Structures are given as C-alpha cells and as structure tokens.
Amino acid sequence: MFLSEKKSNYSAEWRRKRGKKRIVLLFFILILAGVSIFYLNKNKESFKKIVNKPSKNEIIMELWENQKYMELINYCDSLLEQSPAAVDILIFRGFASFYEGSSKINYEDKLPFIDDSVFYLRKAIIFNSEKMRPQINYVLGRSYYHKGKYYADLSVKYLEKSVDEGYIGKDSYEYLALAHTELGNKEKSALYFELAAENNPSDILFSLLAQLYMDLGSLNLAEDYLIRSNNRTTNQQIEEKNLFLLGQIYEGRNDLIKAGECYNRIIQKNSKAADAYYKLGLLYEIEGDKIKARAEWRKALRIDPQHYGARLKLF
C-alpha cells in the first residue's frame with residue numbers, strides 16, 4: 001500500500017515540528033538541571049554547616065583548654081539560663097570563675113569570681129553528689145583559701161577531702177600547708193610543706209619549711225632547709241633572708257664566726273643591707289670590741305637613719 005502525496009507531506013512537517021519541540025524541551029530540561037544542581041550545592045553547604053556545628057561540650061572544652069575563662073563564664077551563663085541544673089555546666093562555670101579570679105591581683109577584683117566559684121561548685125554538688133567530686137573539692141578548697149584567713153578551716157576541709165578521694169593537684173599540699181599556717185597548726189603545716197617539697201622541691205618551699213622549723217624550735221632541720229634553699233635559689237632576696245636566719249641560728253649556738261660569715265655574705269651581695277651591719281655590730285659587742293661595733297652601727301644609720309636598733313646602741 002502506498003501513502004498519498006498529501007499524507008506524506010503532512011508526516012514530514014509533523015516530524016519537523018516534533019524535532020523542534022524536542023529541542024525546546026531539552027533546553028528547558030538543561031536549565032532545570034542547572035538550577036537544581038545550584039540549589040543542591042547551596043543546600044549541601046548549608047547542611048554541612050549544620051552538621052559541622054560544634055556541640056556545647058566541644059565549645060566548652062575549646063574555651064577551657066585555651067584558658068579563655070571569661071568567655072567560658074559568659075557561655076556557661078547563657079546555657080544555664082535554659083538549664084539551671086545542668087551539672088557539667090555548673091562545674092565548668094565554677095572552675096572558670098576560680099581561675100579567672102585567681103589571676104586578679106587586687107583582692108577586690110578577685111573576690112567576686114571566687115565567690116562565684118564557691119556558689120556554682122556547691123550547687124553542682126547538690127545536683128550531683130558524685131560527678132568529679134574530688135576535683136570539685138580541690139577547687140573549692142583553693143577558693144576558700146583565697147577568700148581569706150577566716151575561711152582557712154573550710155579550705156582544709158575540702159582539700160583534705162580531695163586528697164582522701166584520690167585527687168592530688170600539683171599545689172594541693174602547698175595550699176594545705178598555708179591554710180594550716182593560717183589556723184596556727186604549725187606541725188601540720190610543716191608536714192604538708194614536707195610533702196609538697198617531696199613532689200616539687202623549690203627554694204621557696206625549703207625557705208618556708210626552715211622558718212616553720214625555727215618557730216617549732218627544730219633548729220637543725222631549719223639550718224638544713226636554709227642551706228638547701230640557698231643551694232637552689234637564684235633569687236637574691238630569698239638568699240639574703242636565708243643567710244639572715246642562718247646567722248640567727250649560729251648566734252643562738254654562740255658560733256660567732258659562722259654568724260659573722262653569714263652577715264658578711266649579705267653585705268657582699270647588698271651593700272645597703274642596714275640590718276646586716278647592725279648584726280655585725282652586735283657580734284663585735286659580744287666579743288668586747290666596742291670600737292668596731294660602733295663603726296658597724298654607724299654604717300647601718302648612714303643607710304637607714306631611722307634604724308631603731310642602731311640608734312638605740314649609739315645614742
């Protein structure tokens with residue numbers, strides 16, 4: 001069977017129109033595909049931002065590790081507005097307050113942060129009696145020490161709890177020693193300074209121990225720690241103070257030669273040490289040499305015209 005001429009022409013025209021429609025349709029498909037890809041990529045970036053957004057704990061730990069305590073305080077406050085009993089947030093709020101406060105020089109600037117530390121840490125204990133309890137007690141003990149001597153008993157209470165619970169900070173024993181000193185417990189203070197010196201020996205700790213043992217009448221121990229402190233120190237003030245105390249110990253033993261050596265060593269390092277000249281004058285007086293004694297006292301007065309001891313001896 002053959003198609004008519006008219007039908008054949010119609011079929012060719014139809015095919016041309018159909019081809020044009022396909023081209024237009026393909027064009028629109030390509031446009032839609034491009035738009036879809038654009039918005040898909042855009043949404044993907046937005047999704048990435050949502051997925052990669054740091055969690056609350058990550059933000060807290062980043063601020064904590066970078067010691068950005070003031071920022072951490074503000075961030076914790078924003079979280080506590082929504083969840084006032086969130087234990088982890090309360091703990092870090094208390095820790096951050098302590099470290100921010102302890103960095104302040106003036107007591108008036110320090111105290112508000114220390115008070116905050118106590119408030120938030122004790123609140124954390126109320127809501128959860130176990131979580132990080134030893135660390136909380138450690139920071140609480142240090143906070144109470146910074147509040148002043150009237151809180152020394154609470155400082156001891158929480159620091160000793162922390163140690164009993166198995167947490168010993170690098171300065172736990174130092175704080176316990178200082179708190180016991182405030183309470184007048186010199187024996188316990190010496191005990192904790194000994195423990196501190198074992199863990200972290202230093203010229204300052206040895207010098208403090210020497211002074212405590214002098215107060216307790218243990219002069220041999222005091223002498224030993226003063227010598228150990230001077231063998232370690234590079235601080236002239238600490239060395240002078242140690243030599244002065246050693247001179248007093250040797251005077252008490254009537255070892256005037258060693259005492260004189262100590263005072264002369266002070267003068268060699270510091271020619272303006274009026275007290276050392278005064279003490280040398282006393283040694284000469286004991287030996288019966290009043291001329292040399294008065295010469296030393298006059299040197300003391302030239303340095304410090306108001307030196308009470310020298311004025312009393314000369315006038």
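## Basis of the values

The model is predicted, and local features need pLDDT of at least 70, side-chain atom pairs count only at pLDDT 80 or more, and totals for chains, interfaces and linings use all residues. Residues are numbered from 1 along each chain as its sequence is written, and side-chain values use heavy atoms, with hydrogens and water left out.

## Overall make-up

The protein chain has 16 helices and 0 strands. Helices (H or I, at least four residues) and strands (E, at least two) are DSSP runs, numbered from the N terminus. Of the 315 residues of the chain, 37% count as buried; buried means under 20% relative accessible area, exposed over 50%, and partly exposed in between, with a 1.4 Å probe and protein chains only.

A contact means heavy atoms within 4.5 Å. Among contacts between residues at least 6 apart in sequence, 46% join residues at least 24 apart.

## Largest pocket

The largest pocket holds about 160 Å³ of space. A pocket is defined on a 1 Å grid over the protein atoms alone, as an open set of points where a 1.4 Å probe fits, with protein on both sides within 12 Å along at least five of seven lines; lining residues have an atom within 4 Å of a point. Grid points are joined across faces, edges and corners, and the volume is the space filled by probe spheres set on the points.

The lining consists of Trp64, Tyr69, Phe95, Tyr99, Met132, Gln135, Tyr138, Val139 and Tyr167. By class, the lining has 8 nonpolar residues, 1 polar and no charged. In this scheme Ala, Val, Leu, Ile, Met, Phe, Trp, Tyr, Cys and Pro count as nonpolar, Asp, Glu, Lys and Arg as charged, and the others, Gly among them, as polar.

Helix α8 (residues 172-182) is largely enclosed by the rest of the structure, because 8 of its 11 residues are buried. The buried residues are Ser172, Tyr173, Glu174, Tyr175, Leu176, Ala177, Ala179 and His180. Their cover includes α4, α6, α7 (152-164), α9 (186-199) and α10. After α8 comes Gly184, with a positive phi near 85 degrees.

Helix α10 (residues 203-215) contains Ser207, which is buried at a relative accessible area of 6%. Leaving aside residues up to four places away in sequence, Ser207 touches Ser229 and Asn242.

## Salt bridges

The structure holds 14 salt bridges, each a side-chain nitrogen of Lys or Arg within 4 Å of a carboxyl oxygen of Asp or Glu. In one of them, the side chains of Glu223 and Arg253 meet at 2.8 Å, N to O. Glu223 lies in helix α11 (residues 219-232) and Arg253 in the loop between α12 (236-252) and α13 (256-269), so this pair ties together parts that are 30 residues apart in sequence. Glu223 is buried at 14% relative accessible area, whereas Arg253 is partly exposed at 36%.

Glu251 pairs with Lys279, their closest N and O atoms being 3.1 Å apart. Since Glu251 lies in helix α12 and Lys279 in helix α14 (residues 274-287), the pair ties together parts that are 28 residues apart in sequence. Lys279 is buried, at 12% relative accessibility. Within helix α11, Asp224 and Arg228 are 4 residues apart, about one turn of the helix, and form a salt bridge with closest N and O atoms 3.7 Å apart. A network of salt bridges links Asp77, Arg93 and Asp116.

## Cysteines

The count of disulfides is 0, a disulfide being a pair of cysteine sulfur atoms within 2.5 Å. Cys76 is buried at 0% relative accessibility, and Cys262 is buried at 5%.

## Positive phi values

Most residues other than glycine have a negative phi. Met132 has a positive phi near 55 degrees; Met132 lies in the loop between α5 (107-127) and α6 and is partly exposed at 31% relative accessible area. Met132 is also one of the residues lining the largest pocket.

Asn254 has a positive phi of about 65 degrees, although it is not a glycine. Asn254 is placed in the loop between α12 and α13 and counts as exposed, at 56% relative accessibility.
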